[in-house]
Amino acid sequence: MSNVRTRFAPSPTGFMHVGNLRTALYEYLVAKSQGGDFILRLEDTDQERYVEGSVDVIYCTLERVGLKHDEGPDIGGEYGPYIQSQRLDTYKPYAEQLVREGKAYYCFCTKERLEQLHEQGFGGYDRHCRELPQEEVQKLLDAGTPYVIRQKVPLTGATTFKDEVFGEITIENKEIEDQVLIKADGYPTYNFANVIDDHLMNITHVVRGSEYLTSTPKYQMLYEALGWEQPTYIHLPLIMGRNEDGTTSKLAKRHGSTSFEGLVQDGYLPEVITNYIALLGWAPKDNQEVFSLQGLVENFSVDRISKSPAVFDYDKLNWFNSEYIKAMSSEDFLVHAMPCYKEIFGDVEKPWDVLDSILRARLTKFNEIPALLAFFKELPEYPTEFFVNKKSKTSLENSPKMLEAAIEVLEKLPDWKLDTIHEAMIGLAQKLEVKNGTLLWPVRIAAAGTLVTPGGAMEILALLGRDEALSRLKAGLNKLA
């Protein structure tokens, strides 16, 4: 078997959609799981849809998720150029060859005529120019009449192809339109350029969404017409989003972020997005769910791709993100968390390990940190009722005593470290002969001004620093007075 070669051939039309990214990922996995090559090719012949800056988006996204291509516009390779608009001389000779062999034809229909057809309810093209006499064709060409070149699809019979996921698929030829191969501006259509480039670049496996299943016979016919070996087809199941009423429909913006960039801005880690997207339509042999990219390469096989649509579940994505955060090294955690810490603490050094210990287990995304730590930046306004807690046996009567005793002990501490504060507070609760909670509840409320906090009283005191902590405890005491 020849070396497996796949290609990701996006059009630079804006964002990298989740569906595009999954296609790129599966193409990468198909190639790398079999020791093959993954090629990047830019299909930019649809100039009207070109979006400034979107080529950078493609490069940046592939780099961030770790999909390293073996050949492409930026690194070259023996089959270049890898940008379609730089290959324009390549396509027309093949279309003209098909015309000479009677497998394609010149079509001189005007835009107005085609629009009239559609207005009359004719869905497609009526093959008006298909059997024009050769003399007439030549006369129109000599006169410089604008034309397109169309594929001559057989009018009877059927075309069958084999897909690795969906099996054998047959489409009646009468259902297939005489598609345009070369447009009036001389540019190839996406479908035609695709076939030519895939053949010339020795692409062995074509991976794409199942929405292209019905147009695959057009590709099949072109391969046959040109006498070329066909690639292996792998069509991926649709990605659906869950609607509010519980039903599903094709993933769209109303379901949430659907682009890679949007998901990253929402706080999902690039490696989490890759891991999760891999499982949209593919299942490993065992129940493992968390994979590195290398782990995916080692476990991937085409026969585990499903035919059934996959549902993009944001709750599941949240779970993945939280699992990745829990598994991070302390160094990685700090790197990811630091921009959020700066929002709260500015450039002041804090015991970062204490923050790690109180945040890691409760984070779904790093961008939740500023809201969780907002009380450090500014003490919120809070009512005295917050000091009352049945479980901790605190009341408006005993809370002032607890705060007074805590302030007295804390003011005498030799240093302001978590261990020192912890030892002093536990010792004080024993001395006062009260439950730890009876002492620490009022201390935490005065220090944070909120009922729910990440971490307990002692962590909060350590992070506030001596001056701010004591100032807040005294303010709480005044409030109770």
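Predicted model: local features only at pLDDT ≥ 70, side-chain atom pairs only at ≥ 80, totals over all residues.
Colleague: Which backbone oxygen does the side chain of Ser215 reach?

Modeller: Ser215 sits in the loop between strand 8 (205-209) and helix 7 (216-226); helices (H or I, at least four residues) and strands (E, at least two) are DSSP runs, numbered from the N terminus. A polar contact is a pair of N or O atoms within 3.5 Å; within protein, one must be able to donate a hydrogen and the other to accept it, and residues adjacent in sequence count only if both atoms are side-chain atoms. At 3.1 Å, the side chain of Ser215 reaches the backbone oxygen of Tyr212.

Colleague: And Asn275: how far is a polar atom of its side chain from the backbone oxygen of Glu289?

Modeller: Asn275 belongs to helix 9 (residues 270-278) and is buried, with a relative accessible area of 1%. Contact means heavy atoms within 4.5 Å. Not counting residues up to four places away in sequence, Asn275 touches Val290, Phe291, Phe320 and Tyr324 as well as Glu289. From the backbone oxygen of Glu289 to a polar atom of the Asn275 side chain, the distance is 2.9 Å.

Colleague: How far apart in space are Val165 and Pro237, C-alpha to C-alpha?

Modeller: Val165 is in the loop between strand 5 (158-163) and strand 6 (167-172), and at 9% relative accessibility Val165 counts as buried. Its contacts beyond four places in sequence are Ile234, His235, Ile305, Ser306 and Lys307. Val165 and Pro237 are 72 residues apart in sequence, while in space their C-alpha atoms are separated by 8.8 Å.

Colleague: Moving on to helix 19, how many of its 8 residues are buried?

Modeller: The buried residues are Ala457, Met458, Ile460, Leu461, Ala462, Leu463 and Leu464. Their cover includes helix 13 (352-359), helix 15 (374-377), helix 16 (398-411), helix 17, helix 18 (436-448) and helix 20 (466-480). Of the 8 residues in helix 19, the number buried is 7.

Colleague: What word describes how helix 17 lies to helix 19?

Modeller: Axes are lines fitted to C-alpha atoms, for helices over the stretch in contact, and angles run from 0 to 180 degrees between N-to-C directions. Angles under 35 degrees count as roughly parallel, over 145 as roughly antiparallel, 65 to 115 as roughly perpendicular and the rest as oblique. Helix 17 (residues 418-432) and helix 19 (residues 457-464) pack at about 135°, with axes 9 Å apart. That makes helix 17, relative to helix 19, oblique.

Colleague: How many nonpolar residues are in the contact of helix 16 with helix 18?

Modeller: Asn398, Ser399, Met402, Leu403 and Ala406 of helix 16 meet Thr438, Leu439, Pro442, Val443 and Ala446 of helix 18. Ala, Val, Leu, Ile, Met, Phe, Trp, Tyr, Cys and Pro count as nonpolar, Asp, Glu, Lys and Arg as charged, and the others, Gly among them, as polar. The contact of helix 16 with helix 18 has no charged residues, 3 polar ones, and a nonpolar count of 7.

Key. Residues numbered from 1 in each chain as written. Heavy atoms only, no water. Buried < 20%, exposed > 50% of the residue type's maximum accessible area, 1.4 Å probe, protein only.
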